[in-house]
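Have a look at the fold first, then read on.

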Amino acid sequence: MRRHITGFSNPTVKHLRSLRDKKHRKRAGQFLVEGLRLLEDARSTDRLPQTLVMAEARAPHDLLARLEADVMAAGGEVITTTPDILSKITGKENAQSVAGVFDEWDTSLEALDRAAAPIWLAAQALRDPGNLGTMLRTCDAVGAGGLILIDDCADPFSAEAVRASMGAVFTVGLAQARWEEFLPWLRGGTGQLVAASLRDAVPYRGADYAAPCYILVGNESQGLPEEYEAACDLRVTMPMRGRADSLNAAVAGAVLAYEVLAGVER
């Protein structure tokens, strides 16, 4: 279906605006993505928006034309509207010329393919959507099977997290679980759980990593709970040679991921 919207009070505009709020995203089971690059990343993984919203009088673009055709062929909806209304939908004054609405997908542990990769990232109580998006990008960069979010983390489908992921939210596995679900799931198969830690930890360089390896980082300010660290197979630490006493959680995850990758590929 194709239609044109010109009114700010249109119910569809109100619904699309509401997807900027986590409560409404969860209720609708949908999330909003802005920008042709992210939408093309999604299309390249065979994920198409249910609704494509485009500003009228936009510059023509071959990728956008193909995206529009694919959405229509899949039975989706294409909406044209004014740049001002698109800005109202996205909440950005200088909104890009296109946005899409996607259905959220299954993020249960059972949906993951444990045999997909020798390395995985996990984050506990990660609160910053920028850090979450960065960890998704790290997963993509190192060929990890995916990112497992444990306990109360930032919403991976928020606009901030999706944008920070640079499209990796569409290319890597993603799961959300409580610790009480995650640990039995992990122990139900093969897998080494490695924590970035300061408690009884060994240097991260040259540690005895084994595939499949699950790298666990904690909350940005609190780190991992002590009982979570105690449940890990290996605890490693990175040297702090300056005045800082720790690395950013996403940075620590990236540094450790490349070291683990080198270890399991030896």
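This is a predicted model: local features need pLDDT of at least 70, side-chain atom pairs count only at pLDDT 80 or more; totals for chains, interfaces and linings use all residues.

The buried residues of H5 pack against strand S1 (2-5), helix H1 (11-18), strand S2 (30-34), strand S3 (51-55), strand S4 (77-81) and strand S5 (98-103). Contact here means heavy atoms within 4.5 Å. Helix H5 itself covers residues 83-90, and its buried residues are Ile-85, Leu-86, Ser-87, Ile-89 and Thr-90 (buried being under 20% relative accessible area, with a 1.4 Å probe and protein chains only).

Residues are numbered from 1 along each chain as its sequence is written, and side-chain values use heavy atoms, leaving out hydrogens and water.

Next, the open sheet: seven strands in the order S8-S7-S6-S11-S9-S12-S10, with parallel pairing (strands pair if DSSP finds at least two bridges between them). S8 and S10 are at the edges with a single partner strand each, so one side of each lacks a neighbour in the sheet. S6 and S11 are joined by five bridges, and Ala-122 sits opposite Leu-216 in S11.

H10 lies across S6, S9, S11 and S12. Here are its two angles:

| Pair | Angle |
|---|---|
| H6 (residues 129-142) and H10 (residues 249-265) | about 15° |
| H10 and S11 | about 160° |

The axes of H6 and H10 are 9 Å apart.

Conventions
Axes are lines fitted to C-alpha atoms, for helices over the stretch in contact, and angles run from 0 to 180 degrees between N-to-C directions. Helices (H or I, at least four residues) and strands (E, at least two) are DSSP runs, numbered from the N terminus. Buried means under 20% relative accessible area, exposed over 50%, partly exposed in between (1.4 Å probe, protein chains only).
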